[in-house]
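Here is a briefing on a two-chain model. Please read it alongside the sequence and coordinates.

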Amino acid sequence: MALFDVFNIAGSGMSAESVRLNTVASNLANADSVSSSPATAYKARYPVFQAIQSSLMSPGAGADPTQTADAAVQVRGIVESTAAGTATYQPGNPLADANGYVYSSNVNVVEQMADMISASRSYQNDAQVLETSKSLMLDTLKLAQG
Amino acid sequence: MPLLNLNAYLGIQPDALKVYSQRAEVLAANLANADTPGYLARDIDFRAALASAGSQGDALQPTTTSADDLTASSADGGNVSAADGNVTTDSGGVSTEQFLKYRVPLAPSLDGNTVDSQMEEGQFAQNTVRFQATLTFLENRFSELTTAIVGQ
């Protein structure tokens, strides 16, 4: 029954959004981390989402991807931001390099907060879909029982 | 004496229920992929899907000519084939996959995603209410039947 697939689809969405929330938490926690070289400085991380058709992964299925109803989501991978971090002159810092500079992360805190709200809203949407489908299924099970 | 044909008695409501549940799946997929780059939102052409379901239902009305037919057709109906590892239920069912259409985006985003979460939420809520209305219709049909059987 199609409503059973809703649980998988909404569940995959919640899982992907929680990975996104994890990266936001990691980025915010490391927003003020410093390092002694630009290469080792913390880089903001972002998940890459990709739609998957579960019916395409079953053996012998030659279905057209545009013609299958079920499109769950998966996290394809995590990419690091290539934006430049800032170099700060802090000769007293134990991590400072020979010229007295420390290199901070390239995390944009405002962008991360916006990303967090977006992920949280998407998670709520998926949770709501799950809840609604569950009550529909329970209503169907109770059909004609008085 | 003609037996009660339960399919005819319940009318289009069971088919409608199937189409609603498949539409719920499509809308859930849209919401799950709200942040997937390049994902194109889809929906079911409900009128065409239900019309097809109704005509399929007529074509699959079992006709009994002798007592033996009844056992034969009930063995075929709702068969479960587990040949290639995945279980498919073929109960004269509604397949809505050919009625999937891409949504016309109101405000497409730069990453190619055409899901509008608010609109999908609205469609999902509407689908839910209609599903529940269909359940109520079915519930009433069953209680009529119970009244007729019990006779009081």
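The buried residues of H5(B) are covered by elements that include helix H3 (109-141) of chain A together with H2 of chain B. Those buried residues are B:Glu120, B:Gln123, B:Phe124, B:Asn127, B:Phe131 and B:Thr134. Buried means 20 or more other C-beta atoms within 10 Å of the residue's own, exposed means 12 or fewer, and partly exposed lies in between, with C-beta atoms placed from the backbone. Helices (H or I, at least four residues) and strands (E, at least two) are DSSP runs, numbered from the N terminus.

The model is predicted: local features need pLDDT of at least 70, and side-chain atom pairs count only at pLDDT 80 or more, while totals for chains, interfaces and linings use all residues. Residues are numbered from 1 along each chain as its sequence is written, and chains are lettered from A and ligands numbered from 1 in the order in which they are written.

- H5(B) has 34 residues. Its first and last C-alpha atoms are 49 Å apart, close to the 50 Å expected at 1.5 Å a residue. The expected span is 1.5 Å times one less than the number of residues.
- Just after H5(B), B:Gly151 has a positive phi of about 80°.
- H3(A) has 33 residues, and its end C-alpha atoms are 48 Å apart, in agreement with the 48 Å it should span at 1.5 Å a residue.
- The buried residues of H3(A) are A:Asp115, A:Ala119, A:Ser122, A:Asn125, A:Asp126, A:Val129, A:Thr132, A:Ser133 and A:Leu136. They pack against H1 of chain A together with H2 and H5 of chain B.

**Helix pairs across the chains**

- The axes of H3(A) and H5(B) come within 11 Å and cross at roughly 5°. H3(A) is therefore roughly parallel to H5(B). Axes are lines fitted to C-alpha atoms, for helices over the stretch in contact, and angles run from 0 to 180 degrees between N-to-C directions. Angles under 35 degrees count as roughly parallel, over 145 as roughly antiparallel, 65 to 115 as roughly perpendicular and the rest as oblique.
- On the H3(A) side, the residues that meet H5(B) include A:Asn125, A:Val129 and A:Leu136. On the H5(B) side, B:Phe124, B:Phe131 and B:Leu135 are among them. Contact means C-beta atoms, placed from the backbone, within 7 Å.
- This H3(A)–H5(B) contact divides into five nonpolar, six polar and two charged residues. Ala, Val, Leu, Ile, Met, Phe, Trp, Tyr, Cys and Pro count as nonpolar, Asp, Glu, Lys and Arg as charged, and the others, Gly among them, as polar.
- The axes of H1(A) and H2(B) come within 8 Å and cross at roughly 5°. That makes H1(A) roughly parallel to H2(B).
- The H1(A)–H2(B) contact has ten nonpolar, four polar and two charged residues.

**Interface**

- The contact between the chains takes 32 residues from chain B and 33 residues from chain A.
- On chain B's side, helix H2 (13-32) and helix H5 (117-150) each supply at least two residues. H5(B) gives the most, with ten.
- That side of chain B holds 15 nonpolar, eleven polar and six charged residues.

**Nonpolar cores**

- The largest nonpolar core has 36 residues. A core is a set of buried Ala, Val, Leu, Ile, Met, Phe, Trp, Tyr and Cys residues joined through C-beta atoms within 7 Å.
- A:Val6, A:Ile9, A:Ala10, B:Val19, B:Ala24, B:Ala28 and B:Ala32 touch the most other members.
- H2(B) gives the most to this core, with eleven residues.
- Leaving aside neighbours within four places in sequence, A:Ala10 is in contact with A:Asp126, A:Val129, A:Leu130, B:Ala28 and B:Ala32.
- Another core, of five residues, lies apart from it and includes A:Val34, A:Ala41, A:Tyr42 and A:Val102.

**Chain overview**

- Chain A has three helices and five strands, in the order α-β-β-α-β-β-β-α. Of its 146 residues, 27% are buried.
- Chain B has five helices and four strands, in the order α-α-β-α-α-β-β-β-α. Of its 152 residues, 26% are buried.
- Among contacts with a separation of 6 or more, residues 24 or more positions apart account for 69% in chain A and 79% in chain B.

**A loop residue**

- A:Thr86 is in the loop between strand S3 (72-80) and strand S4 (87-89) of chain A. A:Thr86 is partly exposed, with 13 other C-beta atoms within 10 Å.
- The C-alpha atoms of A:Thr86 and A:Asn106 are separated by 7.1 Å, at 20 residues apart along the chain.

Key:
Two residues are in contact if their C-beta atoms, placed from the backbone, lie within 7 Å.
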